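Here are a few exercises to work through with the model open beside you. Try each task before reading its solution.

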Amino acid sequence: MDIASRNHVTVTGNAEGPTVVLAHGFGCDQNMWRLTVPALAADHRVVLFDYVGSGRSDASAFSEDRYSSLDGYALDVVEVCEALDLRDAVFVGHSVSAMIGVLAAARAPERIGALVMVAPSPRYIDDEDYRGGFSAEDIDELLASLEANYLGWSAAMAPVIMGNADRPELGDELRNSFCATDPDMARVFARTTFLSDSRDDLKNVSVPTLVLECTQDAIAPREVGAFVHRAIPGSTLVTLDATGHCPHLSAPEATNRAIVDFLASL
């Protein structure tokens, strides 16, 4: 199978520059990075893609078995990197993609040389001395609501996830992105995302890593950013002057500045 068409791979920017791979989160697609690409394109080769089941990917390649674990999505990343023969790329992952990047870097260390985690969460469910932001009951209700009425769930949850209630157009964009995703494929990705636990994988990260958190985030509270930073040896934690779970849309200048500064430090 042609990986480029399977994952709707797009390559732009400076062909001679270092490579940055931008990976979207649940219910989104590569278009969510449109405000970040211009900040990188002059000096970097920028690779965008859609996970199978998202955006303009080839839906016929979807397999519930494969995508019922984060490893399946990490395999998408590795196969995209292999198809383009990437070496030491910087992987920028939003939300669940931050953990997918951790798994991909472990699977193909020669392909990924640094990580940028935008609003990451290794586990969404609270656990003893760990605060993920949700109880098990919260997540059960969230998934039941999503599976019962995906469009209704999207309309209700998108503004909560996006935050920035004074800018409703941002929530509308996220809702539209959710609604453009096939409900059956979204159900699989949602269960994989919200039931995942990648905490043990963090200690194995050995590449330079930037952790970006927001001052207020209903999905990944500040305690999560601090946990990820502590768990990854030598990582850098930056708290963006941003609210909500999608700072690359709600506060692109601050997000882009943090990413560009990190790239310059490598």
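**Exercise 1.** Is glutamate 137 buried or exposed?

*Solution.* First, a word on the ground rules: this is a predicted model, where local features need pLDDT of at least 70, side-chain atom pairs count only at pLDDT 80 or more, and totals for chains, interfaces and linings use all residues. Residues are numbered from 1 along each chain as its sequence is written, and side-chain values use heavy atoms, with hydrogens and water left out.

Now the cut-offs: buried means under 20% relative accessible area, exposed over 50%, and partly exposed in between (1.4 Å probe, protein chains only). Glutamate 137 comes in at 52% relative accessibility, so it counts as exposed. You'll find glutamate 137 in helix 5, residues 136-148 (helices are DSSP runs of H or I with at least four residues, strands are E runs of at least two, both numbered from the N terminus).

**Exercise 2.** Where does alanine 119 lie, and what is its phi?

*Solution.* Start with the location: alanine 119 is in the loop between strand 5 (112-118) and helix 5. Next, check the backbone: its phi is positive, about 55°, although alanine 119 is not a glycine. Most residues other than glycine have a negative phi. Last, check the cover: alanine 119 has a relative accessible area of 2%, so it is buried.

Asparagine 164 sits in the loop between helix 6 (150-162) and helix 7 (168-179), and at 12% relative accessibility it counts as buried.

**Exercise 3.** How many aromatic pairs does a search of the whole structure find?

*Solution.* Rings of Phe, Tyr and Trp (its six-membered ring) pair if their centres lie within 6.5 Å; planes under 30 degrees apart count as stacked, over 60 as edge-to-face and the rest as tilted. On that basis the search finds 14 pairs.

Take phenylalanine 26 and phenylalanine 189: the ring centres are 5.6 Å apart and the planes are at 75°, so this pair is edge-to-face. Phenylalanine 26 is in the loop between strand 2 (19-23) and helix 2 (37-40), while phenylalanine 189 is in helix 8 (residues 183-194), so the pair ties together parts 163 residues apart in sequence. Phenylalanine 26 counts as buried at 10% relative accessibility, and phenylalanine 189 does too, at 3%.

Then try tyrosine 67 and tyrosine 73: at 4.8 Å centre to centre and 50° between the planes, their pair is tilted.
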